[in-house]
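Good morning, and thank you for coming. Please look at the structure on the screen while I take its chains in turn.

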Amino acid sequence: MKKLLGLGTTVLLCAVLAASVAPAGKSKQSVVNLNFATYVWQPTTVKAMGAIVDSWNKSHAGIQVHIVPVDVNSVHDKLLTNFVGGTAADIVHDEAADIAGFTQQGYLANLTPLIPASLKAEMPQSVWDTTNFGHKITGVPIMLQTYNVFANMSILKAAGIKAPTVANPWTWARFQAVAKQLSTGGNYGVCWGLRSPTATIQTLSLNWGGQWNYLENGKWNLKVGAGEQAILKIIHNMVYNDKSIDAAGVGLSGSAVLPAFFGGKCAMTVQGNYQAQGMIQQSPKGFNWAMFPPLKGTSQNQAANPQTLSISTQSQHKQEAMQFIAYALNAQNMAKLAAGDWLIPAAPAAAKIVVKSTKHYGSWKNAVSAVPNFKKANWVTLGPYARWKAEVATPAFRQYLGNQISLDQLSKTLIDGWNNIRG
Amino acid sequence: MIVSSRPKRAKSFQYVALVAYMLFLAFPLLWMLSVSFKGPRELVELHPHLIPAAPTLENYTVALHENGLVHAAWNSTQVAVFTALITTAIGLPAAYVLARQKGLISRLGLGWILLSQMFPLILIVIPLFLLLRRLHLNDSHAGLVFVYVVWTLPFILWMLQSYVRGIPRELEEAAMVDGASRFHVLRTVIAPLLAPGIVVTALFAFISAWNEFFFALVLLQTPSLTTLPLRLAQFVGIEGIVRLGPLAASALLATLPSLLLFTVIQRWLTRGLMSGAVKG
């Protein structure tokens with residue numbers, strides 16, 4: 001009897017244990033865990049991204065997203081190593097120009113069949129084009145940047161100069177004239193930090209249609225024609241002939257020239273529009289600054305090289321990853337991310353939300369006015385571009401801006417370098 | 001008795017020169033200290049001052065709370081201590097053999113050490129990552145320590161063998177003549193004489209691991225495993241944008257353990273460096 005009782009108790013215990021373990025095991029198995037490698041950096045954006053992930057995790061118990069922070073200056077190296085090593089996160093945050101190479105190497109999943117129609121409709125086709133590699137979209141655009149003139153409005157007003165408007169933007173000629181007018185008494189019209197000149201120069205070349213890379217007989221060639229030369233000539237002329245750009249600042253980073261701008265040594269500075277965040281945080285109390293609409297050459301076009309969210313080919317949960325991306329990039333969330341970084345949301349609906357909710361209405365209005373002018377630049381989707389930029393273009397542009405080589409020498413270096421790298 | 005004023009003047013000049021040199025060396029640290037107490041607006045003044053006009057502890061608050069500096073420092077400490085211990089434990093006997101055993105293997109060993117220092121980091125990082133992944137050591141402190149030991153060992157060996165060479169062989173021979181075994185000689189004769197060298201090399205291994213960035217960047221993925229240099233890098237943003245105040249505060253805090261360590265073992269360090277400097 002005792003034996004029977006013992007056996008019965010054991011069976012009962014086992015049954016209870018099995019019953020209690022089974023649902024736990026089942027629920028554990030049914031949770032999909034997604035790693036999300038992101039390089040968001042500004043504290044405001046880190047906070048916004050954290051809040052988006054938290055709210056997703058709360059409302060989607062079956063799909064849990066874990067943020068893996070990536071150093072913003074080592075994104076390519078980190079992602080490359082993880083892709084090669086087979087340890088890539090499910091969702092990766094990068095930019096259009098960088099994912100071209102990863103797409104070619106097969107590390108990024110084709111998102112075309114996964115992207116929900118509502119998300120596709122949120123953004124203009126010109127922005128989608130930047131992440132479309134031969135009918136294969138491998139990145140969902142998040143936000144973009146433009147290069148804008150920031151002005152010390154007190155100096156401009158004192159000189160009787162009217163600020164441009166979205167309807168009536170400055171041309172480059174007007175900008176040059178104003179810069180020259182304001183270069184007096186040891187002060188300069190413009191401080192322009194061009195330590196990383198390639199993105200700035202190439203993007204602004206689109207103002208004159210300069211695409212740099214052209215498809216000829218099935219090959220992408222590099223050309224430095226009138227469209228490409230225009231911006232180079234203007235900057236060089238302003239530094240060395242007009243002396244309206246402070247030559248000492250040309251070799252510095254964009255942020256490094258801010259003290260001169262805040263100190264009144266320069267009336268204007270050309271910066272990525274995200275620098276507005278720095279203006280808010282760092283400008284002296286009472287400093288009257290404004291961000292102007294993009295300058296106009298023959299157009300106001302600038303290159304669209306958006307930050308992107310992609311899904312790695314190695315991910316076992318692509319559908320779920322896309323669900324999260326669609327959630328993270330709905331208009332409300334995209335607006336929160338963009339507002340934190342002062343970058344332009346890829347979706348016009350998100351841009352409207354930012355403009356409505358901001359304290360800096362004028363500058364944000366000028367920033368988002370650039371959206372229709374974002375154009376696909378050919379170089380963004382070319383595989384050899386990242387290497388050419390780092391190894392050839394940046395050092396060569398620096399030499400030209402430092403007045404060490406002529407425009408012809410620069411052109412030759414850029415073209416030869418491209419041919420070597422493209423092969 | 002007439003005392004010439006020339007030696008006094010010379011001495012004064014020496015002190016002035018010494019103070020000027022000390023200031024020159026310490027200036028970056030002083031500037032970092034100053035920056036760490038400045039607010040965001042004061043950091044972008046056109047004419048910056050060494051003494052902050054409105055000192056603030058805000059940067060230290062950000063460093064300690066927002067960026068998880070303390071946890072990262074604990075991670076770095078573990079990694080650096082284990083690296084120093086393991087490297088020294090492996091390097092010591094190996095260096096003794098390299099220094100004392102003359103022959104082809106010893107010469108080849110030293111040649112290989114030199115050669116191994118010539119490999120660029122970027123060349124080995126992907127194969128290393130694949131290897132560690134196969135061993136299930138990527139994204140772990142154990143894997144990072146393993147890499148640091150391998151990476152630091154050649155230089156440690158080179159340093160230590162030069163210290164061993166500095167100890168006269170006759171001392172060992174005399175002890176052996178008195179009947180001491182090889183192990184006894186190593187323990188009672190060599191080890192005490194080599195102590196300054198061991199301290200210096202261990203310190204070198206510690207600091208190398210403490211400051212290392214690239215391997216940690218590539219190998220570690222889990223945020224809770226992050227080491228100090230990775231945390232510091234998070235204050236540097238795109239296109240040269242830097243959160244200078246919090247970065248200076250964090251960098252200063254990150255320097256403290258090394259400074260403390262140097263202070264504690266300063267005497268050993270001086271002896272070790274000097275003995276290493278004249279032999280080799």
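I begin with chain B of this predicted model, whose secondary structure comprises 12 helices and 0 strands. Reading from the N terminus, the elements of chain B run α-α-α-α-α-α-α-α-α-α-α-α. Its radius of gyration is 24 Å, well over the 19 Å that the globule rule gives for 280 residues, so chain B is more spread out than a compact globule. Along the principal axes, the C-alpha trace of chain B spans about 80 × 70 × 30 Å.

What share of the 280 residues in chain B is buried? The buried residues come to 32%. As for contacts in chain B between residues at least 6 apart in sequence, 75% of them join residues at least 24 apart.

I now turn to chain A. The domain assignment divides chain A into domain 1, covering 33–144 + 305–375, and domain 2, covering 147–302. The centres of these two domains of chain A, taken over C-alpha atoms, are separated by 28 Å.

Where the domains of chain A meet, 15 residues of domain 1 are in contact with 15 residues of domain 2. Which element gives the most to the side of domain 1 of chain A that touches domain 2 of chain A? Helix 17 of chain A does, with 5 residues. Helix 17 (361–368) and strand 15 (374–375) of chain A each supply at least two residues of that side.

Technical notes
Residues numbered from 1 in each chain as written. Chains lettered and ligands numbered in written order. Predicted model: local features only at pLDDT ≥ 70, side-chain atom pairs only at ≥ 80, totals over all residues. Helix = DSSP H or I, 4+ residues; strand = E, 2+ residues; numbered from the N terminus. Rg over C-alpha atoms; globule rule 2.2 N^0.38 Å. Buried ≥ 20, exposed ≤ 12 C-beta atoms within 10 Å, placed from the backbone. Contact = placed C-beta atoms within 7 Å. Domains from an automatic or database assignment.
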